[in-house]
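Please look through the sequence and the model below before reading on. The questions that come after them are meant to be worked through with both in view.

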Amino acid sequence: MDIGPPHPNADAHPGSTGIRTIAVNDAITIAIIGGGPAGLFCALQAAGEGRRVVLFEKKPAPGRKLLLAGSGQCNITHDEEISGFLSHYGDHGAFLRPALMNFTNRDLIDFFAARGLALKAEPGGKVFPETRRSADVLAVLLAECARRGVDIQCGEAVLGVERDADGFLVRSEMAVLRADVLVIATGGASYPATGSAGDGYAFARALGQPVTEVAPALAPVYVRDYPFADLAGISFENLAITVYRDGKRVHRHTGDLLLTHTGLSGPGILDASRYILPRDVLRVAFLPEANTEAVRKQVAGALMAGGVRQVKTVLGDLGLPERFVRRLLDLAGISPGETCAHLGKKARNAIAASVAEFPFTVERLGGFGEAMVTRGGVALDGVNPKTMESRTVPNLYCIGEVLDIDGDTGGYNLQAAFSTAALAAREITRTP
């Protein structure tokens with residue numbers, strides 16, 4: 001770790017050989033663990049005269065997970081009014097209100113535009129860089145960190161943290177940095193190959209900060225006895241997806257759905273996954289923007305009025321893909337050439353039920369290697385939502401995905417990362 005020659009007041013860290021404790025007496029030292037969007041943005045916002053910012057990133061370069069965002073195109077935020085964001089974080093939107101109001105999606109767009117990277121909203125509201133390159137977003141952050149004098153230490157994993165009087169000791173393989181302020185921005189546990197391996201939870205616990213149970217979120221769903229493996233790639237828009245557990249409805253969500261080789265994915269499933277457990281039953285209405293009963297009546301009515309028309313043609317006219325229709329009829333034991341007039345009531349009702357509430361039994365959810373974000377993390381009741389500072393450990397801040405916050409797809413998670421980072425930096429720079 002290259003942090004320059006030993007400071008005149010540097011001492012060996014107790015119990016260590018050849019490891020230096022670096023003290024900086026002429027500036028407030030801010031240590032940030034994690035070089036993702038939250039860590040980088042907090043670093044560049046907190047840097048300034050009289051403040052030394054040292055950012056630790058265990059990978060050879062920062063922002064590896066950011067480069068994957070939006071399949072490399074970086075869906076960085078959403079275009080809706082910021083007040084509308086609050087409903088996109090499960091039960092935890094209220095916690096984010098101060099952060100989102102302090103640094104909004106408009107502020108984020110303006111930040112990048114002022115540095116030469118224009119962002120553009122698509123018809124559905126997702127906001128991307130006009131270049132459609134995550135690397136360009138990262139380049140802006142790194143350039144701004146360099147301009148503001150942030151000391152980024154790459155390839156240097158933090159091994160542990162501890163309190164030291166009124167500050168912190170941050171121990172890596174090469175040195176021990178004494179910091180006045182510590183920011184944990186390590187991300188969650190999803191995509192561990194990018195560096196998000198859950199390290200931050202251990203650091204938080206070591207400092208007495210409570211951490212909730214973690215699990216994958218924004219994850220695909222694997223289905224038991226899945227009948228649509230050969231229809232992978234067929235997608236549907238704005239479907240009602242209802243989650244049942246032990247026969248009781250526990251959640252209902254509307255969104256887009258994608259059939260995969262092994263189960264279900266797409267924004268609607270990913271967003272609902274925070275509420276799904278193995279052995280749950282998902283019932284899907286395969287016609288858009290309608291509840292189960294409305295779909296059932298629509299399909300049954302169309303089939304009754306179909307006359308000599310083939311069943312597959314009538315279902316196709318409702319907007320269902322032809323291959324999907326053929327599979328539904330096959331599962332119901334109905335010939336693809338069957339006409340509506342020859343369809344008995346029992347068969348008609350069976351088809352209507354299949355379209356209105358097709359059941360999928362959940363085998364499991366995708367693991368951390370597939371999940372986009374992590375559910376759970378640093379407990380929110382231990383963090384001041386107005387500052388992102390610990391309620392019990394002065395000058396300790398937790399930001400980004402290390403917190404017990406997981407947003408929907410559509411740019412909400414990255415916005416939360418930038419907003420919590422900006423709020424923490426605002427409070428840090430107020431420190432005398």
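The questions and answers below concern this predicted model, from the whole chain to single residues.

Q: How many helices and how many strands does the chain have?
A: The C-alpha atoms of this predicted model fill a box of roughly 95 × 45 × 35 Å along the principal axes, and buried residues make up 53% of the 432 residues in the chain. Among contacts between residues at least 6 apart in sequence, 72% join residues at least 24 apart. The elements of the chain come to 12 helices and 21 strands.

Q: Which residue of β21 is the bridge partner of Leu 182?
A: Strand β12 (residues 181-184) runs parallel to β21 and is joined to it by three bridges, while four bridges join β3 to β12, also in parallel. For Leu 182, the bridge partner in β21 is Leu 396.

Q: Which residues of β12 point the other way from Val 181 and Val 183, and are they buried or exposed?
A: In a regular strand the side chains alternate between the two faces of the sheet. In β12, Val 181 and Val 183 point one way and are buried. The residues that point the other way, likewise buried, are Leu 182 and Ile 184.

Q: At what angle do the axes of α8 and α11 cross?
A: Two packed helices are described by the angle between their axes and the distance between the axes. Helix α8 (residues 292-304) passes α11 (residues 345-357) in a right-handed crossing, and residues including Val 295, Val 299 and Leu 303 in α8 meet residues of α11, among them Ile 351, Ala 352 and Val 355. By class, this contact has 10 nonpolar, one polar and three charged residues. The axes come within 8 Å, and they cross at roughly 140°.

Q: How many residues apart are Asp 199 and Lys 58, which form a salt bridge?
A: The closest N and O atoms of this pair are 2.7 Å apart, and the structure holds 22 salt bridges. Asp 199 is partly exposed because its relative accessible area is 27%, between the limits of 20% and 50%, and Lys 58 is likewise partly exposed at 28%. Asp 199 lies in helix α6 (residues 199-206) and Lys 58 in the loop between β4 (51-57) and α2 (64-68), so that the pair links parts of the chain whose separation is 141 residues.

Q: Are Arg 274 and Asp 408 buried or exposed?
A: The side chains of Arg 274 and Asp 408 meet in a salt bridge at 3.0 Å, N to O. Arg 274 is in the loop between α7 (267-272) and β18 (281-285), whereas Asp 408 is in the loop between β21 (396-398) and α12 (412-428), 134 residues apart. Both of these residues are buried.

Q: In the salt bridge of Arg 326 with Glu 322, which residue counts as exposed?
A: The two side chains meet at 3.5 Å, N to O, and both residues lie in helix α10 (residues 322-331), four residues apart, about one turn of the helix. Arg 326, at 36% relative accessibility, counts as partly exposed. At 53%, and therefore over the 50% limit, the residue that counts as exposed is Glu 322.

Conventions:
Residues are numbered from 1 along each chain as its sequence is written. This is a predicted model: local features need pLDDT of at least 70, side-chain atom pairs count only at pLDDT 80 or more; totals for chains, interfaces and linings use all residues. Side-chain values use heavy atoms; hydrogens and water are left out. Axes are lines fitted to C-alpha atoms, for helices over the stretch in contact, and angles run from 0 to 180 degrees between N-to-C directions. Helices (H or I, at least four residues) and strands (E, at least two) are DSSP runs, numbered from the N terminus. A crossing is left-handed if the near helix is turned anticlockwise from the far one by less than a right angle, and right-handed if clockwise. Contact means heavy atoms within 4.5 Å. Ala, Val, Leu, Ile, Met, Phe, Trp, Tyr, Cys and Pro count as nonpolar, Asp, Glu, Lys and Arg as charged, and the others, Gly among them, as polar. A salt bridge is a side-chain nitrogen of Lys or Arg within 4 Å of a carboxyl oxygen of Asp or Glu. Buried means under 20% relative accessible area, exposed over 50%, partly exposed in between (1.4 Å probe, protein chains only). Two strands pair if DSSP finds at least two bridges between them.
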